Amino acid sequence: MIIKRDFYLNKLISKKHNGLIKVITGVRRCGKSFLLFNLFKTYLLEEGIDRKHIIEIAFDSFENKRYQDPYVLMPYLKEQFTDNEMYYVLLDEVQLLEEFESVLNSLIRMENVDVYVTGSNARFLSKDVITEFRGRGDEVHMYPLSFSEFMSVYPSSKQDGWNEYMLYGGLPLVLRFQTPEEKIQFLKSLFEETYISDIVGRHKIRNRAELEDLLNILSSGIGSLTNPSKLSATFKSVKQKTISKTTIGNYINYLCDSFLIDRAIRYDIKGRKYIDTPAKYYFTDMGLRNARLNFRQLEETHTMENIIFNELKIRGFNVDVGVIVQNTTDSTGSRIRKQLEIDFVCNKGSKRFYIQSAYAIPDHAKMEQEQRSLMLTGDGFKKIIITKETPAPYYNDDGVLVMSVFDFLLDPNSLEQ
């Protein structure tokens, strides 16, 4: 089964010959190697590039183990460069290459060499790309399959696909398994044996049980406001464990760095400032989140919100949680200060969208409730409510665009309607 990942392929194509190291990052098993060695290589061949000018090395393959030594790799590569035409060097799991920073920096100094690499998120994170290459790295961050990509190969209805996607997520390998038992076993094993082991090994965590307990708490509370202080209190009251907020903050940063979870910070819309704490946390893949909870707590409302957040990130938006402070008076004339929330404040360049995720809007009262905060932003940016079921996108009398989650996810231009 070949799943087209045109969104990421086009990103790679747009970065050709830019003199930088193209670095594909993302959570393990999201399809980085397939993008590089299959989709991008196929594109190059179709463009008429000679096979001899495409050099690919997967450093985690036994037959390529000798090339992990830079003093073996560099002479080999130079032997392949037999003319002045452009050569495309595709390197997978490049963190296994000793002194890989020096090797890659040497390669991009050659005028006829274009370099593309992938790295394991255990030792090759976004911040490492910035640090190690000092401006010479150009990152393409990859996510698991979006719902649109998932449906491009799913053989049944979009409702059946939605049910499957909510439960097992979008890691491409999951689609190879036929039975629920196989998918569950794969996801649980992957989480335990790969993701957690990566984080524990990279950061030399001595108490793995603490990290796993934190993962369970975050998994149960996707989309809920929390912070290290609150989580520390939860450990003390529920787990009868004392873990400092500093340690919890470090664990959360490790989980974010490994691309397992993502953070949405609160933004005071009228005050135009960020509120550092509390924040919301979402899982990059719902299958991994559900595997963490043994496929319990499958609330569609929170799952839908998480999937919307991921889609917005895939589309390149900076996504915050909107806060609007409203000052009112009660029946006695006393002043009341309320904080209203907008699920997502989405910014990209000069564009901004305000988005509410509302599973169902059965009546006018619910519509009023969902759009109350949207009506108080005091600006003219587009306001959108995404529901589970809406026959077709429409603007209501207050100028709010209402659409179904399917219209949003399956149309890459849905926000521009």
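The legends below describe an overview and several close-up views of a predicted protein model.

**Figure 1. Overall fold of the predicted model.**
The protein contains 15 helices and 13 strands. Along the principal axes, its C-alpha atoms fill a box of roughly 85 × 50 × 45 Å. The radius of gyration is 24 Å, which agrees with the value near 22 Å that a compact globule of 417 residues would have. Of the 417 residues, 52% are buried. When contacts between residues at least 6 apart in sequence are considered, 66% of them join residues at least 24 apart.

**Figure 2. Surface and charge of the protein.**
The accessible surface amounts to about 19500 Å², and carbon and sulfur atoms account for 47% of that area. The protein carries 55 positive and 56 negative charges.

**Figure 3. The aromatic pair F147 and W162.**
Across the whole structure, a search finds 21 aromatic pairs. In one of them, the ring centres of F147 and W162 are 5.7 Å apart and the ring planes meet at 85 degrees; planes over 60 degrees apart count as edge-to-face, so this pair belongs to that class. The pair links distant parts of the chain, with F147 in helix 6 (residues 147-151) and W162 in helix 7 (residues 158-168), 15 residues apart. Both F147 and W162 are buried. Ring pairs also place these two residues in a cluster with F150, Y154, Y165 and F406.

**Figure 4. The aromatic pair Y267 and Y274.**
The rings of Y267 and Y274 form a tilted pair, with 5.0 Å from centre to centre and 55 degrees between the planes. Y267 has a relative accessibility of 11% and therefore counts as buried. Y274, at 46% relative accessibility, counts as partly exposed.

**Figure 5. The cis peptide bond between T277 and P278.**
T277 and P278 are joined by a cis peptide bond, with omega at about -5 degrees. P278 lies in strand 7, which covers residues 273-283.

**Figure 6. Positive phi at E93 and K204.**
E93 has a phi near 55 degrees, a positive value in a residue other than glycine. E93 sits in the loop between strand 3 (87-92) and helix 4 (100-108). The relative accessible area of E93 is 13%, so this residue is buried. K204 is also not a glycine, and its phi is likewise positive, near 55 degrees. The loop that holds K204 runs between helix 8 (180-203) and helix 9. With 69% relative accessibility, K204 counts as exposed.

L12 is 198 residues from E210 in sequence, and the C-alpha atoms of L12 and E210 are 39 Å apart in space.

**Figure 7. S220 in helix 9.**
S220 belongs to helix 9, which spans residues 208-220. A relative accessible area of 33% makes S220 partly exposed. When neighbours within four places in sequence are left aside, the contacts of S220 are R289, L293 and Q297. R109 and S220 are separated by 111 residues in sequence and by 49 Å in space, C-alpha to C-alpha.

**Figure 8. S357 in strand 10.**
S357 is located in strand 10, residues 351-357. The relative accessible area of S357 is 13%, so S357 is buried. Beyond neighbours within four places in sequence, S357 is in contact with M304, E305, I308, D343, E370 and I386.

Definitions and conventions. Residues numbered from 1 in each chain as written. Predicted model: local features only at pLDDT ≥ 70, side-chain atom pairs only at ≥ 80, totals over all residues. Heavy atoms only, no water. Helix = DSSP H or I, 4+ residues; strand = E, 2+ residues; numbered from the N terminus. Rg over C-alpha atoms; globule rule 2.2 N^0.38 Å. Buried < 20%, exposed > 50% of the residue type's maximum accessible area, 1.4 Å probe, protein only. Contact = heavy atoms within 4.5 Å. Areas by Shrake-Rupley, 256 points an atom, 1.4 Å probe, with all protein chains shown as cover. Lys, Arg positive; Asp, Glu negative; His and termini not counted. Charge placed at Lys NZ, Arg CZ, Asp CG, Glu CD. Phe/Tyr/Trp six-rings, centres within 6.5 Å; stacked < 30°, edge-to-face > 60°.
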